[in-house]
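Student: Could we go through this protein together, one question at a time? I would like to learn how to read it.

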Amino acid sequence: MGSFYGNVLVARPLDEVVTLLAAAGGPAGAADSAVRGYALPVGPGHTVIYPDPETAATALAGPLSRLLEAPALGTYVYDSDVLLMTVYAEGEPTHHYDSCPGYFDAAEAGLGDSEDRESPVPVGADPDAFVPLAFGPVDRPALRAVLLGIPLDPGDGENGRYVFANTQHYDAMTCLGLNACRLSTGYHYLSLGGLPHETSAEELVLLGGRMWPAEESAGRG
């Protein structure tokens with residue numbers, strides 16, 4: 001099975017994110033009045049939120065950008081095949097990226113695994129749209145190549161295109177100067193007790209009173 005995950009990147013420090021979420025009880029306009037899940041710092045002044053499965057990252061990013069008064073990026077990786085990213089500012093979407101347009105339509109038509117279909121050209125491969133979420137200078141040509149599906153490391157590709165969407169997402173976050181390992185992780189992995197490389201349990205912040213996996217297991221007895 002491929003990788004599935006969704007998360008929200010916000011250009012604001014973790015302590016400020018946690019404080020504002022606690023004070024507000026959650027972002028107005030989100031599916032729930034409270035954000036439940038996990039959070040980690042991913043760079044100076046940058047935080048990633050891993051919402052629980054009942055809260056879609058793409059639905060949460062907009063309200064969070066308004067509440068936190070900072071750019072936000074909602075990301076979803078589906079089955080290691082598709083990378084979807086939407087940039088938000090002041091609660092409104094400003095840019096949408098789709099690494100494989102038409103994928104879901106083809107899947108519904110039973111064509112999702114066809115090897116005869118050519119890889120579609122990604123939509124929204126504009127590096128400038130993602131610069132507000134970066135830390136430090138951005139190598140725009142490198143980021144544009146990644147968004148177009150051209151691997152930074154040829155070993156990650158096949159016929160000049162990324163094999164896995166999660167690898168593409170990792171490279172895009174690296175181009176933005178952020179902790180790509182933490183950003184290419186999802187709620188499910190964390191809920192099972194996993195941690196991104198070089199991440200300690202003490203760094204992981206629980207949102208909305210979610211228990212640690214070990215405590216959940218003990219509670220079920």
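Student: Which residues does Ile150 touch, not counting residues up to four places away in sequence?
Tutor: Happy to start there! This is a predicted model, in which local features need pLDDT of at least 70 and side-chain atom pairs count only at pLDDT 80 or more, while totals for chains, interfaces and linings use all residues. Residues are numbered from 1 along each chain as its sequence is written, and side-chain values use heavy atoms, with hydrogens and water left out. A contact means heavy atoms within 4.5 Å, and with close sequence neighbours (up to four places away) set aside, Ile150 touches Ala145, Gly160 and Tyr162.

Student: How far apart are the C-alpha atoms of Ile150 and Tyr162?
Tutor: Ile150 sits in the loop between helix 4 and strand 7 (157-158). Helices (H or I, at least four residues) and strands (E, at least two) are DSSP runs, numbered from the N terminus. Tyr162 is 12 residues away from Ile150 along the chain, and their C-alpha atoms are separated by 6.2 Å.

Student: Is Ile150 buried, partly exposed or exposed?
Tutor: Here we need cut-offs: buried means under 20% relative accessible area, exposed over 50%, and partly exposed in between (1.4 Å probe, protein chains only). Ile150 has 41% relative accessibility, so Ile150 counts as partly exposed.

Student: Which residues of helix 4 are buried?
Tutor: Helix 4 covers residues 140-147, and just after it Gly149 takes a positive phi of about 90°. The cover over its buried residues includes strand 5 (82-89), strand 6 (92-98), strand 8 (161-162) and helix 5 (165-175). The buried residues themselves are Ala142, Leu143, Ala145, Val146 and Leu147.

Student: How many residues of strand 1 are buried?
Tutor: Let's look at both faces of strand 1. Tyr5, Asn7 and Leu9 on one side are buried, and so are Gly6, Val8 and Val10 on the other. For strand 1 (residues 5-10), the count is 6 of its 6 residues.

Student: Which residue of strand 4 is the bridge partner of Val10?
Tutor: Two strands pair if DSSP finds at least two bridges between them. Strand 1 has 3 bridges to strand 3 (residues 46-51), running antiparallel, and there Leu9 stands opposite Val48. Strand 1 is also antiparallel to strand 4 (residues 72-78), with 6 bridges. In strand 4, the partner of Val10 is Ala72.

Student: Which backbone oxygen does the side chain of Thr185 reach?
Tutor: Thr185 lies in the loop between helix 6 (180-183) and helix 7 (187-191). Thr185 counts as buried because its relative accessibility is 7%. Its contacts beyond four places in sequence are Tyr5, Asn7, Tyr50, Leu190 and Pro196. At 2.9 Å, its side chain reaches the backbone oxygen of Cys181.

Student: Why does Tyr76 count as partly exposed?
Tutor: Tyr76 belongs to strand 4. The reason is its relative accessibility, which comes to 31%.

Student: What share of the 221 residues in the protein chain is buried?
Tutor: Now for the whole chain, which has 8 helices and 9 strands. Among contacts between residues at least 6 apart in sequence, 59% join residues at least 24 apart. Of the 221 residues, the buried share is 44%.

Note on methods. Polar contact = N/O pair within 3.5 Å; in protein donor to acceptor, adjacent residues only side chain to side chain.
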